[in-house]
Amino acid sequence: MNATIENLADHFQAKVDAEVKIEPKDWMPEKYRKTLIRQISQHAHSEVVGMLPEGNWITRAPSLRRKAALLAKVQDEAGHGLYLYSAAETLGISRDELVDQLLEGKAKYSSIFNYPTLSWADIGSIGWLVDGAAIMNQVMLTRASYGPYARAMVRICKEESFHQRQGYEILLTLSKGTDEQKAMLQESVNRWWWPALMMFGPNDAESTHSEQSMKWKIKRKSNDELRQQFIDACVGQAEFLNVTLPDPHLKWNEERGHFDFGDIDWEEFWEVVKGNGPCNRDRLKARRKAHEEGAWVRDAAMAYAGKRVESRE
Ligand code: FAQ
C-alpha cells in the first residue's frame, strides 16, 4: 500500500470506529466494496428466490384471510430484493450483472430456500423460524457501516417482524386444532428446525469473512452468537406452541446462561450451498423461466423510459 492509500485506509477505519456512516461517494477499500456487493447481492437473491417456496402455497391457502396475508408477505419479499439490489448498485455494479450471476448459478443465496414446502404448516414454520432467524441476523444490519445498506435494512426488519408474527399465528392456530393439524405442525417443525439454524452460516471458526466484516462494522455479531440468541428465543416459543424442537441435546446450561444444543450437520449445509440441496435446481429453473418470460416487461419499460428521455430533449 502506498502512503496515500494507507492514510485513506486509516481515515476510513477511524470513521467506521466513530460510527460515521460510509456513503457511496466516500473513499472505501476495494475489499470493503467487494464484501458489501457479495453480502448485499446474496441477500437480495435470497429474498427473490425466497418467494418461491411460499408462492407455492398461495393458491392453496386455507382461507381468504390467509391467502391475502401470504400474498402480501411474498410481495414484501420482492420489495426487499429490490431495495437490496438498489443498495448494491450504489457500489458500482449493475442490477443486470447481479441477476446474471444468480441465473448463471455463480452467486450464492441462502441455503434455506432450497428446501421444499410440503404442507400448509410449512408456511407457518417459514414465518416463525425462517423469518425469525432472518430478523435475528438482520437487526444488527440496520447499524451496518454502509449507509444505503443500513437504511434499507430498517424497513426490511419492520416487515420481517410482521412476517414472523403471521407465521407464528398460523402455527398457534394449528396447535389448537385437531390431532391431524397438531401432527402436521410437529412434522413441519421437525423439518425446518435444523435448516433454520444453518441460515446463520458456518461456525465462527469456519467463517471466512466474519472477522474482517466485524472490524468494518458490516456485521456486529458473529454467526455463532446470533445462532445461540435465536435458539434461546425459540425454546419458550416452542413450548407455547406445544411442539418439540427436534434436538435431544437441547438443554439449559446454567453456567453459560444459554441453551446447549446438538451438532449441526455441516455436510448437509455445504452440499446445499454447493447446489445439491433438495430444490436447488428447481429454484434456478423457476428464476430463469421468470426472467425469460418477463423480458417483454423489461423491454416495454425501457422503451417507455427511452421515449420520456426523447420527449424531454
Ligand atoms: N446459505 O464467512 P461466512 C431471508 C456462505 S433472507 C448459503 O460466515 P458472511 C428473508 C457465505 O456466503 C436470508 N451460503 O460469510 C426471507 C460465504 O461464501 P462466499 C438471507 C452461506 O457473509 C424470509 C461462506 O458461506 N440473509 O431469510 C450461508 O460473513 C422468508 C462463508 O460464510 C442474508 O443474506 C447460508 N445460510 O456471513 C425471504 C443476510 N451462510 O460468499 C423469504 C445478510 C454462509 O465467500 C422468505 N447476510 N454462507 O462464497 C449475512 O448476514 C451474512 O452474509 C451471513 C454469512 C451471516 C449469511
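Student: Is Phe-12 buried or exposed?

Tutor: In this predicted model, Phe-12 is buried, with a relative accessible area of 3%.

Student: And what about Trp-27, buried or partly exposed?

Tutor: Trp-27 counts as partly exposed, because its relative accessibility is 33%, which falls between the limits of 20% and 50%.

Student: How many aromatic pairs are there?

Tutor: The count comes to 11 aromatic pairs. One of them is formed by Phe-12 and Trp-27. That pair is edge-to-face, at 6.3 Å centre to centre and with 80 degrees between the planes.

Student: Where do Phe-12 and Trp-27 sit in the chain?

Tutor: Phe-12 belongs to helix 1 (residues 3-17), and Trp-27 to the loop between helix 1 and helix 2 (30-49). The two residues are 15 residues apart, and their pair links distant parts of the chain.

Student: Which residues do ring pairs link into a cluster with Phe-12 and Trp-27?

Tutor: Tyr-32 and Trp-216 are in that cluster with Phe-12 and Trp-27.

Student: What is the geometry of the Trp-193 and Phe-230 pair?

Tutor: The rings of Trp-193 and Phe-230 are stacked, with 6.1 Å centre to centre and 20 degrees between the planes. Trp-193 lies in helix 8 (residues 179-198) and Phe-230 in helix 10 (residues 223-241), so this pair ties together parts that are 37 residues apart in sequence.

Student: How accessible are Trp-193 and Phe-230?

Tutor: Trp-193 counts as buried at 0% relative accessibility. Phe-230 also counts as buried, at 2%.

Student: Staying with helix 8, where is the kink?

Tutor: The kink in helix 8 lies at Trp-192, shortly before the proline Pro-195, and amounts to about 30 degrees. Helix 8 has 20 residues and reaches 30 Å from its first C-alpha to its last, close to the 28 Å expected.

Student: Which residues of helix 8 are buried?

Tutor: Among them are Leu-185, Ser-188 and Val-189, as well as Trp-192, Trp-193, Trp-194 and Pro-195.

Student: Where does helix 6 bend, and what is its span from first C-alpha to last?

Tutor: Helix 6 bends by about 25 degrees at Gly-127. The helix covers residues 121-138 and reaches 24 Å from its first C-alpha to its last, close to the 26 Å expected at 1.5 Å a residue.

Student: Changing topic, which residues come nearest to the ligand?

Tutor: Of the 37 residues around the ligand, the nearest are Gln-42, Lys-108, His-209, Lys-219 and Asn-223.

Student: What are the distances for Gln-42 and Asn-223?

Tutor: A side-chain N or O atom of Gln-42 is 2.8 Å from an oxygen atom of the ligand. For Asn-223, a side-chain N or O atom is likewise 2.8 Å from an oxygen atom of the ligand.

Student: How much of the ligand does the protein bury?

Tutor: Taken alone, the ligand exposes 1,100 Å², and the protein buries 92% of that.

Student: Which ligand atom does the backbone of Ser-111 lie 2.9 Å from?

Tutor: A backbone N or O atom of Ser-111 lies 2.9 Å from a nitrogen atom of the ligand.

Student: Finally, where is Glu-159, and is it buried or exposed?

Tutor: Glu-159 is in helix 7 (residues 147-175) and is buried, with a relative accessible area of 16%. The C-alpha atoms of Glu-159 and Glu-77 are separated by 8.9 Å, while these residues are 82 residues apart along the chain.

Notes: Residues are numbered from 1 along each chain as its sequence is written. This is a predicted model: local features need pLDDT of at least 70, side-chain atom pairs count only at pLDDT 80 or more; totals for chains, interfaces and linings use all residues. Side-chain values use heavy atoms; hydrogens and water are left out. Helices (H or I, at least four residues) and strands (E, at least two) are DSSP runs, numbered from the N terminus. The expected span of a helix is 1.5 Å times one less than its number of residues. The bend at a residue is the angle between axes fitted to the seven residues ending there and the seven starting there. A residue is near a molecule or strand if one of its heavy atoms lies within 4 Å of it. A polar contact is a pair of N or O atoms within 3.5 Å; within protein, one must be able to donate a hydrogen and the other to accept it, and residues adjacent in sequence count only if both atoms are side-chain atoms. Accessible areas come from the Shrake-Rupley method with a 1.4 Å probe; for residues, only the protein chains shown count as cover. Rings of Phe, Tyr and Trp (its six-membered ring) pair if their centres lie within 6.5 Å; planes under 30 degrees apart count as stacked, over 60 as edge-to-face and the rest as tilted. Buried means under 20% relative accessible area, exposed over 50%, partly exposed in between (1.4 Å probe, protein chains only).
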